Each structure stands twice: as C-alpha cells, then as structure tokens.
Amino acid sequence: MTLQRTLFRNGTLLLIAAVGLIATPVAAERIKDLTSISGVRLNQLIGYGLVVGLNGTGDKDTDSPYTLNSLRNMLTQFGVQIPPGVKIKPKNAAAVIVHGNLPPFSKIGQEIDVTVSSLGNAQSLRGGTLLMTPLKGADGRNYALAQGNLVVGGLTAAGQDGSKVTVNIPSAGRIPNGATVEREVVNHFGKGRSITLNLNDGDFTTAMRVAESINLAIGPGTAKPLDATSIRVNAPMDPGQKVSFIAMLEELKVRPGSAPAKVIINSRTGTVVINSQVRVYPAAVSHGNLVVSISENAEVSQPGAFSGGETAVVPQSDVEVAKEANHMFLFDPGVSLDEVVRAVNEVGAAPSDLVAILEALKEAGALRAELIVI
C-alpha cells in the first residue's frame with residue numbers, strides 16, 4: 001500500500017514517499033501476510049504470585065497487607081505456623097501480577113515467556129525470583145505454571161541524603177521461557193470441510209481478490225467471500241492434507257485494494273499523514289495574515305521658562321498595518337496529494353495553516369477523505 005507522509009521542517013511542508021510515488025501500483029502480497037485463520041489465535045493468561053530474594057526493595061508491610069497474607073498462606077502450606085502476634089516484614093518479597101500469551105496449538109510441556117509486574121509498592125524487582133504461579137485463562141482454568149529468575153531492565157540508585165535516580169522501569173521484568181504449558185486449549189481447526197480466512201484490515205475489494213486468487217489456483221468455487229473481512233475456503237477433511245492445503249494458500253499472491261482516503265493530523269507533534277488516495281475537488285483557497293504592529297514611544301514635554309507649567313511625559317503610539325501578499329490559489333478537479341503540498345509550500349504556509357486549510361476544505365465538501373485528528 002502506497003503511503004505519503006507530510007512532515008514539517010523549518011515551517012516547510014516536506015512530502016516523503018514511504019513506499020513509492022503515487023503512480024506506483026500496489027505490490028502483490030502473500031495471503032499469509034493479509035489474513036489470519038479463524039479460530040487460530042492467542043489466548044491471554046494471568047496469575048497472582050510472589051517474588052522473593054529482593055535486596056530490601058520489596059513491599060512495605062504497612063501498605064501491602066495482601067503481601068503479608070500471601071506469605072502467611074504460603075508458609076502454612078509448607079507446615080510453618082506463624083503465631084498471631086508475630087509480624088512479618090516482607091521487604092525482600094513483593095506481590096506481583098504475572099501475565100503472558102498462550103500461542104495457538106501450544107502443547108503440554110512447551111514453554112512461553114511471561115511478564116512480571118509489581119502489584120504493591122516494591123521499589124525494584126531486580127534480582128528477584130518468581131515462585132510457582134498458576135496462570136489462568138478467561139475461563140478461570142489453569143493453563144500454565146510460571147517460575148524463575150526475573151530479567152529486569154530498569155534500576156534505581158539512591159543516596160543517604162534522599163536523592164534517587166531511576167532508569168527505565170525497575171518494578172517490572174520478564175522471564176524468558178518462564179512458564180510451562182500444563183493444559184491445551186481446545187481447537188476445532190481439524191474439524192469441518194472448510195476454513196475461514198479473516199483479513200487483517202477489512203476491505204471488500206481485497207476480500208474479492210483473495211477469493212479470486214484462490215479460485216484461480218485451486219479451482220472455481222473453492223473460495224467465497226462472506227463479507228469485507230471473511231473468506232470461506234473449502235478444505236480437505238484430513239488434518240494432514242488440510243495443513244498442506246493451508247501452506248499452499250498462504251503463499252498465493254494477492255494485490256490488496258487501495259486504502260480509503262485518509263488525512264491523519266497529530267495535533268501534539270504537528271505531523272500530518274496523507275495517503276495517496278486523497279483528492280481535492282474544485283476549490284479556491286485564500287491564505288494570508290493581517291499583521292498589526294503597535295509601538296509605544298514616550299516623549300517629554302518641557303514647559304517654557306517662568307511659564308509656571310510642569311514637565312509631563314506624553315506617550316506617542318505608532319500603529320502600522322501590514323498585509324501579506326495575496327495568497328489565493330485554485331485547486332483543479334481531482335488534484336492529487338503532491339499538487340496540494342506543492343501549492344501550500346508555494347504560499348509559505350506554516351504547519352498550523354495546513355491543518356486549517358484541510359479542515360476548511362473538508363467543511364466545504366472539497367476534500368474527499370476522512371479527516372482524523374489524534
């Protein structure tokens with residue numbers, strides 16, 4: 001997909017082609033890169049656990065009662081009874097939330113990465129070890145067990161006078177291959193006589209072209225577009241043949257449909273992104289500023305000798321009105337992106353001026369594009 005980017009530098013609009021010029025045709029892409037298979041998806045997992053072995057940077061007992069309760073429950077399971085009057089100081093432990101993604105077709109015994117984030121007021125998780133933590137899915141069932149040493153990219157250094165320096169985020173870390181899959185997710189991939197391909201970006205034209213490409217390669221009637229996102233494809237019943245069939249489909253090339261005309265304005269950075277489908281219909285635009293300058297000069301009025309008058313300060317104001325050159329230009333029917341940018345550059349428009357011009361064109365019905373301000 002061809003994309004044009006308009007950036008501002010030193011008050012000038014710069015047009016940058018991210019992939020190619022407007023006249024460059026859209027390149028063909030693999031079906032693998034355009035679609036996903038219905039039912040083949042990630043599953044999010046989450047769990048609550050404890051990190052121990054911290055160097056005094058754990059939770060404070062006064063503000064993290066759940067950490068104390070977790071420690072008491074864990075020690076009780078190991079046969080350690082804490083008397084009611086004994087207070088635990090969990091400065092070397094921290095309550096954490098553990099989460100990760102379970103890839104599709106994950107099997108029992110495989111390992112996945114997990115992210116560990118502090119739940120309380122622990123200053124840092126550096127050097128900590130996550131104790132065995134069950135990870136649950138959306139259905140409340142345990143699908144993996146996480147445990148291991150944390151890799152923390154942030155750090156905190158503090159002095160005795162109270163000064164402190166923090167780099168990155170020391171209260172969160174990762175455990176590569178830190179969770180072991182204990183339960184498989186039920187998947188209906190091998191069942192049925194068809195599969196459904198879902199486009200990553202819904203588009204009627206692309207859905208039609210995907211179906212046409214499959215029918216041309218496999219045979220008429222193999223694929224049928226259902227809507228702007230889904231294409232139903234007849235597939236073999238045998239799971240092994242179905243895998244080979246999908247592998248062949250994924251390598252087929254399709255030329256995606258052109259993206260809808262959009263203008264995206266980032267109001268914070270002053271960046272405007274305009275794709276190649278934007279067109280401006282007949283319109284006249286006037287651009288120019290009226291500059292009023294007022295300068296104040298104080299003059300001293302000195303009375304004559306023996307006149308009995310008093311010295312007075314009299315203000316003198318000079319008012320000047322300057323009008324910039326006539327900045328009015330005409331857009332012909334179907335003006336393309338590069339012509340719009342060239343016209344705006346010729347009149348010396350600033351970034352804020354371009355935004356105002358685009359908004360005015362949209363209100364006048366001359367801009368055939370969706371205007372999005374973020």
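Predicted model: local features only at pLDDT ≥ 70, side-chain atom pairs only at ≥ 80, totals over all residues.
Residues are numbered from 1 along each chain as its sequence is written, and side-chain values use heavy atoms, with hydrogens and water left out. Helices (H or I, at least four residues) and strands (E, at least two) are DSSP runs numbered from the N terminus.

**Helix H3**

- H3 covers residues 204-218, 15 residues in total, and reaches 21 Å from its first C-alpha to its last; this is close to the expected 21 Å, taken as 1.5 Å times one less than the number of residues.
- Just after the helix, Gly219 has a positive phi of about 150°.
- Thr206, Ala207, Val210, Ala211, Ser213, Ile214 and Asn215 of H3 are buried (under 20% relative accessible area; exposed is over 50%, partly exposed in between; 1.4 Å probe, protein chains only).
- The elements that cover these buried residues include helices H1 (31-34) and H4 (239-250), and strands E13 (194-199), E14 (223-225), E15 (230-234) and E16 (253-254).

**Nonpolar cores**

- A nonpolar core is a set of buried Ala, Val, Leu, Ile, Met, Phe, Trp, Tyr and Cys residues joined through side-chain atoms within 4.5 Å.
- The largest has 22 residues, and Val98, Val116, Leu125, Leu130, Leu135 and Leu150 have the most contacts inside it.
- Strands E5, E6, E7, E8, E9 and E12 each give two or more residues to this core, and E6 supplies the largest share, four residues.
- Another core, of 20 residues, lies apart from it and has Phe189, Ile195, Leu197 and Ala223 among its members.
- Leaving out residues up to four places away in sequence, Val98 touches residues including Leu45, Val116, Leu130 and Ala146 (contact: heavy atoms within 4.5 Å).

**Lys107**

- Lys107 lies in the loop between E6 and E7, and counts as partly exposed because its relative accessibility is 40%.
- Val181 is 74 residues from Lys107 in sequence, yet their C-alpha atoms are 6.7 Å apart.
- Beyond neighbours within four places in sequence, Lys107 is in contact with Val181 and Glu184.
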